[in-house]
Structures are given as C-alpha cells and as structure tokens.
Amino acid sequence: MRKLIVIAVAAALAGCWQVGPDYVKPEIDTPKQWRFADKEARDTTNLKWWEQLGDPELNRLVDQALRGNLDLKAAVATVDQFMGQYGATRSNLFPQISGFGDYLRRKNSTQSLSLPKGIELSGKDVDYARLGGQLSWEIDVWGALRRANESAFAEMLAQEGVKRGVLLTLASQVAQTYIQLRTLDKNLEITRFVVKTLEEQLQIEQARFKEGYGSELEVRQVESEYQRRLALIPAAEESIAQAEHALKLLLGQNPGAIRRGKSLDDLKLPAVPAGLPADVLVRRPDIQQAEQRLISANAQIGVARGLYFPKISITSDVGQLSTQAATMFTPGANFWSVGTSVLGPIFTAGKIAGQVQAAEAAQRAALANYQQSILTAFREFEDALVASQKTQEQRDKQGARVTAVGDYYRLSKLRYDEGLVDYITVLDSLRQLYEAQIDLLSAQSSTFTASIQLYRAMGGGWVVAEAEKLPKPQEASVFP
C-alpha cells in the first residue's frame with residue numbers, strides 16, 4: 001500500500017501534462033501608425049487627469065467619490081468574493097484532512113436476535129468511543145483540477161478589471177457631472193443678466209409710455225420678452241439641483257448642495273494627446289477583463305475534457321477505537337486504514353460531450369468579445385480625439401459669433417436711443433446675443449467633456465495605483 005501511495009504522489013507531482021488547450025494570446029490587429037512617443041504616452045495615461053483642470057474643489061469631489069461611492073464598494077466586495085472562490089477551488093489540489101470523534105453508551109438487550117460481532121447477551125452497558133483523523137486526496141493526474149484552478153484565478157483577475165473599470169468610470173462621471181453643474185451655473189447667470197437687462201428696459205419703456213414718448217406696443221414687446229426669459233430661471237434652478245443630487249449620489253452621500261470651485265471660464269483644459277501606441281490602450285480595464293475571461297473560458301475546456309478520464313483518489317483513516325473508555329489511548333485501541341479508488345465514466349449518454357461542446361463554444365464567444373473590446377477601445381480613442389479637436393474649433397467659432405452679435409446689440413441699442421430704429425430691432429439683437437452666449441457655453445462644456453472622454457478612453461495607468469488604495473469592504477462604512 002505504501003508503494004501505491006508513493007506512485008500516486010509521484011504521478012501528481014511529476015505530471016506536467018494537462019488536459020485541454022494551453023492559452024495562447026490572440027494576435028491583435030493594431031493601427032500601424034501612432035503620432036505619440038511611447039514614453040510620453042505612458043506619462044500622459046498615468047496622470048490624474050482631473051487635476052489638470054486646476055480646480056481643488058473638483059479634486060476633493062473625486063477623492064470623496066473614490067472613498068464613498070457604493071458601486072465601487074460593491075465592485076471591491078465582488079473581487080473579494082471571487083478571491084474566496086479561487087481559494088476554495090485551489091484547495092482541491094491538496095489533501096483534505098478532517099478530524100472526527102464520537103462517543104456512545106448503549107445497553108444491549110438480552111433478547112436480541114441479531115448481535116454485533118463480539119457482543120454477548122450479557123445485558124450490560126457498553127461504551128463505544130472513537131477519535132481520529134481522515135485524509136482524502138484526489139490525485140490530479142490529468143490536470144483537470146489545475147485547469148479549474150487556472151479558470152478560477154482568471155475569473156478573479158477579471159473581477160479586478162471590473163473594479164478598475166468602475167474606478168475609471170467613476171472619476172470620469174464625477175468630472176463630467178461637475179462640468180455640467182458649472183455649465184448650468186453659468187447658464188443661470190447669463191439668463192439672470194438678460195432678465196435684469198429686460199427688467200430695466202421695461203421700466204424705461206413704461207416711464208416713456210407714461211410721459212407720452214412711447215407706445216404701449218413697445219411696452220408689451222419688452223414685457224413679453226421679459227416674462228419669457230424670466231420663466232427660464234426656475235427651470236435652470238431645477239436642473240442645477242438635479243445635477244447636484246446626481247453628483248452627491250456618485251459620492252455615496254444623501255442629496256444636498258455641492259460646494260463650488262472655479263467657474264467654467266477659469267478651468268484649464270487638459271493637455272490633448274495626438275495619439276497613443278496600441279500597447280497603452282490595451283491596458284484598459286475592460287480589455288484586461290475580457291482577456292481574463294477568455295483565459296478562464298479556455299481553461300474550462302480542460303475541465304470539461306477532464307470528465308472523460310477516471311478520478312483517482314486516496315483515502316486514509318487513523319485513530320483510536322474502543323468499547324471501553326478506560327482502554328482509549330492504549331496501543332491496542334489504535335486503528336488505521338489506507339486505500340485508493342478509481343471512478344471513471346462508462347456511459348453518460350453524451351453528457352460529457354455536451355459539456356465539452358458548451359465549453360468550446362463559450363471560449364469562442366469569449367475570444368470574439370475580447371477582440372471586440374480591443375476594436376471598441378481603438379474606436380473610442382479615435383472618436384474622443386476627433387471630438388476633442390473639433391469641439392475646440394466650435395468653441396472658437398462660437399466665441400467669434402458672440403463678439404459679432406455683441407456688436408450688433410450695442411449698435412442697435414445706440415440707434416434706438418437716437419430714434420433711428422424701433423425697439424423690435426433691439427429685442428432681436430438681444431435674443432441673438434443670448435442664444436449665441438448659450439451656444440458658446442454649450443461648446444465650452446462639450447470641449448471639457450470631450451477631453452474627459454479622451455482620458456477615459458486611454459484607460460489610465462493611475463487606475464492601478466488608486467485601486468490598491470481602496471479599503472476592504474469590512475473596513476468601509478456603508479454611509480460615510
């Protein structure tokens with residue numbers, strides 16, 4: 001029996017062959033020309049890009065979100081869950097040792113027709129005590145357990161990619177929502193300025209009409225435009241409150257007001273890279289997640305194919321057994337046993353073949369998803385790069401439009417004061433000025449949003465460093 005154990009252990013330790021295919025990284029059809037040097041690109045992606053906006057208040061909000069966001073806490077907990085599952089799967093590679101102990105006191109019947117061996121019809125009380133340990137070990141001769149371990153480890157790393165993806169998305173959402181909030185603030189500021197201008201003009205027109213220098217028509221024209229713009233203020237205030245609440249939710253906090261930092265005009269636009277080497281983009285969390293799931297699916301083929309082979313197990317018991325408590329822990333009470341078992345499939349009606357087919361199909365689907373994630377990454381980066389450049393052009397052209405319409409309003413107001421044009425011309429110029437300012441504001445907001453999307457598309461090497469700082473679920477409170 002000792003020889004049997006030695007042979008089985010040697011087979012387990014020396015078995016380098018594993019059932020199923022080894023993972024081979026697929027070739028990636030990457031763009032051949034990038035305009036960014038590799039070191040410069042890596043330095044760019046490793047930046048905490050939101051700090052380039054130059055607003056300490058935004059930096060504080062992002063930091064709060066990284067510590068308090070509940071989606072991120074859930075992602076961290078999920079990583080721990082898969083880490084535990086990996087540990088449980090890995091334990092199957094090792095012997096499982098358990099202890100047992102029981103005690104029984106029994107009075108035998110003198111009228112019994114069926115007696116345990118060695119028990120006489122004495123009617124006396126009998127003690128039965130047992131104490132020992134048990135070992136069981138499935139020898140991984142074919143490597144199926146190692147494939148299962150490989151799959152579980154890859155799934156754990158895939159969840160790590162999910163966590164980093166949540167981290168990347170969270171920072172982007174906080175920055176975008178903050179930009180949206182500051183845009184709404186300026187929108188309200190512009191609207192209030194126009195309302196104040198119309199209110200002052202309405203007072204002038206009412207006074208002119210009262211003194212007989214103007215008409216009621218001009219009063220009603222100004223009043224109509226004044227009431228129209230005044231009605232926009234409650235809607236703008238509602239949008240601001242909703243943006244604040246959305247930002248609070250990202251922080252993992254109850255709805256409430258958000259402290260402001262710099263205005264939209266004072267924020268700095270992050271540096272825009274002209275391109276990136278492909279090996280930097282494939283570090284994105286979603287691509288790493290897709291590859292780890294491909295590795296897991298590939299290993300599951302080996303797990304399924306391993307069902308075709310017999311399972312070889314070693315079992316052993318050792319301990320003390322006695323019918324009298326007084327004789328426990330004496331040489332005569334010792335017992336032991338050791339053995340091996342082989343269990344293999346003979347007829348499964350296609351069950352194993354179906355499992356292998358399903359595993360192979362899952363691997364092909366995971367491969368397609370991995371390739372798709374890479375193509376999506378290249379597209380998102382190029383789209384974000386184009387958007388970043390074109391939104392800046394739109395902003396510049398909208399700025400020129402505001403200047404032109406501002407001159408139109410100034411000249412029309414001057415000519416109206418001189419009596420050369422009616423007030424409808426002034427109202428038209430004021431309406432165009434307001435719309436031009438709002439369009440310029442939208443272009444400014446789009447420029448910042450495009451830059452944020454660009455850095456998000458790059459993945460960001462900073463994600464790894466920040467992920468390591470995240471607290472474990474048991475260390476973090478639900479509500480900060």
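In the predicted model described here, Lys262 is located in the loop that connects helix 7 with helix 8, where helices (H or I, at least four residues) and strands (E, at least two) are DSSP runs numbered from the N terminus. The model is a predicted one, in which local features need pLDDT of at least 70 and side-chain atom pairs count only at pLDDT 80 or more, whereas totals for chains, interfaces and linings use all residues. Residues are numbered from 1 along each chain as its sequence is written, and side-chain values use heavy atoms, with hydrogens and water left out. Lys262 has a relative accessible area of 31% and is therefore partly exposed, given that buried means under 20% relative accessible area, exposed over 50% and partly exposed in between (1.4 Å probe, protein chains only). Although Lys262 and Gly54 are separated by 208 residues in sequence, their C-alpha atoms are 8.3 Å apart in space.

Helix 3 (residues 56-68) has 13 residues, which at 1.5 Å a residue should span 18 Å, and the distance of 18 Å between its end C-alpha atoms agrees with this value; the expected span of a helix is taken as 1.5 Å times one less than its number of residues. The N-terminal end of helix 3 is capped by Asp55, a side-chain oxygen of which lies 3.0 Å from the backbone nitrogen of Glu57. A polar contact is defined as a pair of N or O atoms within 3.5 Å; within protein, one must be able to donate a hydrogen and the other to accept it, and residues adjacent in sequence count only if both atoms are side-chain atoms. Glu57 is itself among the buried residues of helix 3, which also include Leu58, Leu61, Val62, Gln64, Ala65, Leu66 and Gly68.

Helix 5 (residues 144-211) packs with helix 11 (residues 423-458) at an angle of about 170 degrees, the two axes being 9 Å apart. This arrangement makes helix 5 roughly antiparallel to helix 11. Sorted by class, the residues in this contact comprise 14 nonpolar, 12 polar and 3 charged. Axes are lines fitted to C-alpha atoms, for helices over the stretch in contact, and angles run from 0 to 180 degrees between N-to-C directions; those under 35 degrees count as roughly parallel, over 145 as roughly antiparallel, 65 to 115 as roughly perpendicular and the rest as oblique. For the residue classes, Ala, Val, Leu, Ile, Met, Phe, Trp, Tyr, Cys and Pro count as nonpolar, Asp, Glu, Lys and Arg as charged, and the others, Gly among them, as polar.

Over the whole structure, 31 salt bridges are found, a salt bridge being a side-chain nitrogen of Lys or Arg within 4 Å of a carboxyl oxygen of Asp or Glu. One of them joins Arg182 to Asp185, with the closest N and O atoms 2.5 Å apart. Both residues of this pair belong to helix 5, where Arg182 and Asp185 are 3 residues apart, about one turn of the helix, and both Arg182 and Asp185 are buried. In helix 6 (residues 216-230), Glu225 and Arg229 are 4 residues apart, again about one turn of the helix, and their side chains form a salt bridge with an N to O distance of 3.1 Å. Glu225 is buried at a relative accessible area of 8%, and Arg229 likewise counts as buried, at 4%. These two residues also take part in a network of salt bridges that links Glu225, Arg228, Arg229, Asp428 and Arg431.

A further salt bridge connects Glu380 with Arg284, the closest N and O atoms being 3.0 Å apart. Because Glu380 lies in helix 10 (residues 351-417) and Arg284 in the loop between helix 8 (278-281) and helix 9 (285-305), the pair ties together parts that are 96 residues apart in sequence. Glu380 is partly exposed, with a relative accessible area of 36%, whereas Arg284 is buried, with a value of 5%.

Helix 10 also contains Ile374, which counts as buried at 5% relative accessibility. Ile374 and Glu291 are 83 residues apart in sequence, and their C-alpha atoms are 9.9 Å apart in space. Ala349, in the loop between strand 4 (334-343) and helix 10, has a positive phi near 60 degrees. Most residues other than glycine have a negative phi. Ala349 counts as exposed, at 63% relative accessibility. Just after helix 10, Gly419 takes a positive phi of about 80 degrees.
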